[in-house]
Amino acid sequence: MKHFLFMYPIEEYFNVEIKNRSYGFNKEYYVERVKKKLNKCIDLRYRQKGFQINYALFNDTKISKIIELKESDNVVRNGLNFERHIKEKIYPDENFIINQLNNPSKLIISGFHMWDCVEKVAKRAYKSGFDVLVDEDLTEFFFSRIKERNFILNEYIPYKKRNLDKNSWLMKEILKIREETPWLS
């Protein structure tokens, strides 16, 4: 079965991103916009395409009110308390999280934070032999991406396949790095 895993959709992380990215918007309007578009993306990109939807949480946290949890969705606990993670800089065992997904045929990972927890779990899943991809649109980058006119709700397009100037120095460097991280292809 195909699985979608959203890492740590908790109030603490949403609040930081909303505070940092809601400039120019009424905060309540922005929160509703985030809620509507994020849930629509998860539904169109994954739920309607047969993916099991999973949300990873710390042992002592609740899912954010921004997430519209469906009866068929699954909550995966990471085996670690949030406070301990923050204070002691201890990370959960990636295998503990992945093993709760029962050998997915395809694994899409998103959530908080792209270059930290999302990266760690994606790398571990890849090294364990899973077909894994990070949906970067649905990481903390989501809060900026939804402001773009060309943001696509129903499909994630990896950087390699985007219509970008692949001859620019910067894009060549970005694509070179991504060759070393296949879960970002």
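**Figure 1. Secondary structure of the protein chain in the predicted model.** The secondary structure of the chain comes to seven helices and five strands, and, read along the sequence, these elements follow the pattern β-α-α-β-β-α-α-β-α-β-α-α. Along its principal axes, the C-alpha trace spans about 45 × 45 × 35 Å. A compact globule with 185 residues would have a radius of gyration near 16 Å, and because the chain itself has 16 Å, the two values agree.

**Figure 2. The largest nonpolar core.** Of the 185 residues of the chain, 45% count as buried. In soluble globular proteins, nonpolar side chains tend to be buried together. The largest nonpolar core here has 50 residues, and those with the most contacts inside it are Phe-4, Leu-5, Met-7, Phe-14, Leu-38, Ile-42 and Ile-109. Helix H5 gives the most to this core, with six residues.

**Figure 3. Surroundings of Phe-4, one of the core residues with the most contacts.** When its neighbours within four places in sequence are left aside, Phe-4 is in contact with residues that include Ile-42, Tyr-46, Phe-51 and Ile-53. Further partners of Phe-4 are Gln-52, Asn-54, Ile-108, Ser-110 and Leu-138.

**Figure 4. Ala-125 in helix H5.** Is Ala-125 buried or exposed? Its relative accessible area is 0%, and since buried means under 20%, Ala-125 is buried. Apart from its neighbours within four places in sequence, Ala-125 is in contact with Ile-98, Leu-107, Phe-130 and Val-132. Between Ala-125 and Pro-104 there are 10.0 Å in space, taken from C-alpha to C-alpha, while in sequence the two are 21 residues apart.

**Figure 5. The largest cavity and the residues that line it.** The count of cavities of 30 Å³ or more comes to one, and the volume of the largest cavity is about 40 Å³. Its lining is made up of Met-7, Tyr-8, Tyr-91, Pro-92, Glu-94, Ile-97, Cys-117, Lys-120 and Val-121. Sorted by class, this lining has seven nonpolar and two charged residues, and no polar ones. Helix H4 (94-99) and helix H5 (114-127) each supply at least two residues of the lining, and the largest share, three residues, comes from H5. Met-7, which is named among the lining residues, also belongs to the residues with the most contacts inside the largest nonpolar core.

Terms used. Residues numbered from 1 in each chain as written. Predicted model: local features only at pLDDT ≥ 70, side-chain atom pairs only at ≥ 80, totals over all residues. Heavy atoms only, no water. 1 Å grid on protein atoms, 1.4 Å probe; cavity = no way out; pocket = protein on both sides within 12 Å on 5 of 7 lines; lining within 4 Å. Points joined across faces, edges and corners; volume = space filled by probe spheres on them. Helix = DSSP H or I, 4+ residues; strand = E, 2+ residues; numbered from the N terminus. Nonpolar A, V, L, I, M, F, W, Y, C, P; charged D, E, K, R; others polar. Core = buried A, V, L, I, M, F, W, Y, C linked by side-chain atoms within 4.5 Å. Buried < 20%, exposed > 50% of the residue type's maximum accessible area, 1.4 Å probe, protein only. Contact = heavy atoms within 4.5 Å. Rg over C-alpha atoms; globule rule 2.2 N^0.38 Å.
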